[in-house]
Amino acid sequence: MARPLTLRLRADSARPLPWRVVNTSLLVLLATAPLAALGEVPLAPAGALSEKESKEKARNAYKAAETAFREGKFEDALAAYRQADEALPIAATKYKVALCLDKLGRANEASTAYQAFLDSKPDPKKMADAIGEAKDRIEALKQAPGASR
């Protein structure tokens, strides 16, 4: 019985790869390389950011949100906080999202957002005041007229 053709990638390779696997991999690489060079085939998922880029995007969005919040532009602040949270989800941003929804009078959404903040396990030493406020606001929002229970 004839042995299948194999290719050793290194002389000391313990397990050679079957020629079919190597051949198929090379064909795929050769077929997509020209397309990738033309921008037709993305080499990384669309919209995938590096950790550094994500942090920078989050930082910029958070700064914009803070400015809008100070100016009382809560809709704008909410959009920017959500953008920051999408880029880099952290407890502080989740709290700010809840605060904006609360300021906008969107009680049900605010209550859900406060709970999401609490569920994100914020650091009790750094965010003790925010944790207490979130718990208080959830209870107050539950008691508000028209609140769903």
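Contact here means that heavy atoms lie within 4.5 Å. Keep that cut-off handy for the exercises below.

The model is predicted, so local features need pLDDT of at least 70 and side-chain atom pairs count only at pLDDT 80 or more, while totals for chains, interfaces and linings use all residues. Residues are numbered from 1 along each chain as its sequence is written, and side-chain values use heavy atoms, with hydrogens and water left out.

**Exercise 1: the overall layout**

Find out how many helices and strands the protein chain has, and in what order they run.

*Solution.* 
- Step 1: Know what gets counted. Helices (H or I, at least four residues) and strands (E, at least two) are DSSP runs, numbered from the N terminus.
- Step 2: Count them. You get six helices and two strands in the protein chain.
- Step 3: Read off the order. Starting at the N terminus, the pattern is β-β-α-α-α-α-α-α.
- Step 4: Check burial. Buried means under 20% relative accessible area, exposed over 50%, and partly exposed in between (1.4 Å probe, protein chains only). With that rule, 28% of the 149 residues in the protein chain count as buried.

**Exercise 2: leucine 78**

Decide whether leucine 78 is buried or exposed, and list what it touches.

*Solution.* 
- Step 1: Locate it. Leucine 78 sits in helix H3.
- Step 2: Apply the burial rule. Leucine 78 has 3% relative accessibility, so it counts as buried.
- Step 3: List the partners. Skipping residues up to four places away in sequence, leucine 78 touches Val97, Cys100, Leu101, Leu104 and Arg106.
- Step 4: Look at a distance. Leucine 78 and lysine 96 are 18 residues apart along the chain, and their C-alpha atoms are separated by 7.8 Å.

**Exercise 3: how H3 and H4 pack**

Work out how helices H3 and H4 are arranged: roughly parallel or roughly antiparallel?

*Solution.* 
- Step 1: Two packed helices are described by the angle between their axes and the distance between the axes.
- Step 2: Know how they are computed. Axes are lines fitted to C-alpha atoms, for helices over the stretch in contact, and angles run from 0 to 180 degrees between N-to-C directions.
- Step 3: Take the values. The axes of H3 (residues 74–87) and H4 (residues 91–103) come within 9 Å and cross at roughly 155°.
- Step 4: Classify. Angles under 35 degrees count as roughly parallel, over 145 as roughly antiparallel, 65 to 115 as roughly perpendicular and the rest as oblique. H3 and H4 are therefore roughly antiparallel to each other.
- Step 5: A crossing is left-handed if the near helix is turned anticlockwise from the far one by less than a right angle, and right-handed if clockwise. H3 and H4 cross in the left-handed way.
- Step 6: See who takes part. H3 brings residues including Phe74, Leu78 and Tyr81, and H4 brings residues including Val97, Cys100 and Leu101.
- Step 7: Sort by class. Ala, Val, Leu, Ile, Met, Phe, Trp, Tyr, Cys and Pro count as nonpolar, Asp, Glu, Lys and Arg as charged, and the others, Gly among them, as polar. The contact of H3 with H4 has eight nonpolar, one polar and five charged residues.

**Exercise 4: how H2 and H4 pack**

*Solution.* 
- Step 1: Helix H2 (residues 51–70) packs on H4 at an angle of about 30°, with the axes 12 Å apart.
- Step 2: H2 and H4 are therefore roughly parallel to each other.
- Step 3: H2 passes H4 in a left-handed crossing.
- Step 4: On the H2 side you find Tyr62, Glu66 and Phe69, which meet H4 residues including Ala92, Thr93 and Leu99.
- Step 5: That contact of H2 with H4 has five nonpolar, one polar and three charged residues.

**Exercise 5: serine 111 and lysine 121**

Say for each residue whether it is buried or exposed.

*Solution.* 
- Step 1: Serine 111 belongs to helix H5 (residues 107–119). Its relative accessible area is 17%, so serine 111 is buried.
- Step 2: Neighbours within four places in sequence aside, serine 111 is in contact with Ile138 and Leu141.
- Step 3: Lysine 121 lies in the loop between H5 and helix H6 (128–143). Its relative accessible area is 69%, so lysine 121 is exposed.
- Step 4: Check the backbone. Most residues other than glycine have a negative phi. Lysine 121 is not a glycine, yet it has a positive phi of about 55°.
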